[in-house]
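The sequence and model come next.

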Amino acid sequence: MDFAMTEEQQAIFDMARDFGQTRIAPHARDWERQGTIPRDLWPDVAALGLGGIFVSEEQGGAGLSRLDGTLIFEALAMACPSVAAFLSIHNMCGGMIDRFGSAEDRQAWLPGLCAMTTVFSYCLTEPGSGSDAAALRTRADRTDEGWRINGTKAFISGGGYSDAYVTMLRTGAEGPRGISTVIVPTDAPGLSFGAPEDKMGWRAQPTTQVQFDDCTVPAANLLGDEGRGFAYAMAGLDGGRLNIAAAALGGAQAALDATLTYMGDRQAFGQALDRFQALQFRLAEMETALQSSRIFLRQAAWKLDQGAPDASKFCAMAKLHVTDRAFEVANQCLQLHGGYGYLADYGIEKIVRDLRVHQILEGTNEIMRLIISRAMIADRG
């Protein structure tokens with residue numbers, strides 16, 4: 001197996017990293033204070049082909065692989081994990097529409113998605129059904145005009161900010177087979193949003209409840225087949241877990257890079273911090289954690305690209321392993337900065353706050369353990 005990036009992949013990584021350092025990193029703290037990402041960023045993102053990373057070229061997208069996607073989100077997260085993760089959610093929606101939508105669905109939604117004139121959010125979680133996603137209760141009923149939706153979604157990145165919401169709704173009986181996917185535009189009658197959540201991290205991207213009160217959308221806004229929404233959501237999450245792991249990896253790498261520089265500059269007891277063997281051991285452990293995570297992540301992405309039967313298991317394992325290791329590394333980097341790590345000026349505390357949620361979203365790491373262990377038991381026969 002060849003673990004080296006191709007020339008094209010290296011170019012993709014370098015392009016995303018350079019864009020992040022130029023257009024995102026200098027503004028990341030300001031955007032966090034403002035609690036929003038300026039809309040004028042997205043046309044520049046789309047101009048690089050990053051608005052439809054997983055959308056086929058025939059539909060106006062970049063047609064890149066899941067492995068390519070991990071490179072992009074790792075590189076962008078070196079500038080700001082929050083912005084990179086928000087873009088990953090938009091692209092997860094694009095991949096779902098391209099993969100599961102009809103020709104009419106793709107024609108209706110993908111041009112705006114790829115151009116990022118239409119920013120997408122993903123609506124699955126509800127106040128009473130987080131990890132137990134199949135128990136969702138927000139309901140869509142057929143009417144003569146289309147669908148009438150009632151209920152509430154929670155913890156939605158881009159709530160009140162995005163232009164369209166790929167929403168999992170109950171259209172049938174209890175259980176996963178009663179769930180369908182409907183695209184709800186932000187101007188749909190009966191759609192409203194809660195107050196912005198006051199979060200520990202990911203503060204640059206607004207997060208709210210999304211509320212449906214007799215919200216009406218046309219029948220054509222059903223994505224794919226009725227009753228297949230849960231399967232679509234879970235398939236989307238395989239890729240989403242890779243993206244979130246990649247963003248965690250990029251944030252942790254940025255923290256480690258900054259820490260290596262700091263330890264060469266900072267003097268204690270007459271010598272630089274990186275001259276102390278005990279601290280050198282810390283650096284070695286962190287480097288090993290990130291390099292092993294990178295290889296594991298790329299293996300999982302390769303399996304998803306190949307349609308391997310154990311791809312979902314590997315996506316869950318990669319999400320579990322990478323997000324845990326990334327948070328541990330970022331937290332150790334803060335420790336090695338001492339008191340300065342606790343100050344916003346050095347940027348480490350922001351990375352620690354941002355990466356903490358990566359262990360929770362796209363399925364908590366406890367749920368990842370369930371997915372992995374159940375796959376192991378099933379394979380046993």
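## Burial and overall build

A residue is called buried when its relative accessible area is under 20%, exposed when over 50%, and partly exposed in between, using a 1.4 Å probe and protein chains only. By that rule, buried residues make up 54% of the 381 residues in the chain.

The model is predicted: local features need pLDDT of at least 70, side-chain atom pairs count only at pLDDT 80 or more, and totals for chains, interfaces and linings use all residues. Residues are numbered from 1 along each chain as its sequence is written, and side-chain values use heavy atoms, without hydrogens and water.

The chain has a radius of gyration of 21 Å, which agrees with the value near 21 Å for a compact globule of 381 residues; the radius is taken over C-alpha atoms, and the globule rule is 2.2 Å times the number of residues to the power 0.38. The C-alpha trace spans about 80 × 50 × 40 Å along its principal axes.

## Elements and domains

There are 11 helices and 10 strands in the chain, read as DSSP runs numbered from the N terminus (helices H or I, at least four residues; strands E, at least two).

The domain assignment, automatic or from a database, gives domain 1 (7-119), domain 2 (121-226) and domain 3 (230-379). Taken over C-alpha atoms, the centres of domain 2 and domain 3 are 30 Å apart. Their contact (heavy atoms within 4.5 Å) takes 16 residues from domain 2 and 14 residues from domain 3.

## Helix 10

The buried residues include the charged Glu349, Lys350, Arg353 and Asp354. Helix 2 (28-34), helix 5, helix 7 and helix 9 are what the buried residues of helix 10 pack against.

## The largest pocket

A pocket is an open set of points on a 1 Å grid over the protein atoms alone, where a 1.4 Å probe fits, with protein on both sides within 12 Å along at least five of seven lines; lining residues have an atom within 4 Å of a point. The largest pocket has a volume of about 1200 Å³, counted as the space filled by probe spheres set on points joined across faces, edges and corners. Of its 45 lining residues, Thr125, Ile360, Leu361, Glu362 and Gly363 are the closest to its centre.

Helix 11 gives the largest share of the lining, 6 residues. Helix 10 (348-356) is one of the elements that supply at least two residues each. By class, the lining has 24 nonpolar, 9 polar and 12 charged residues.
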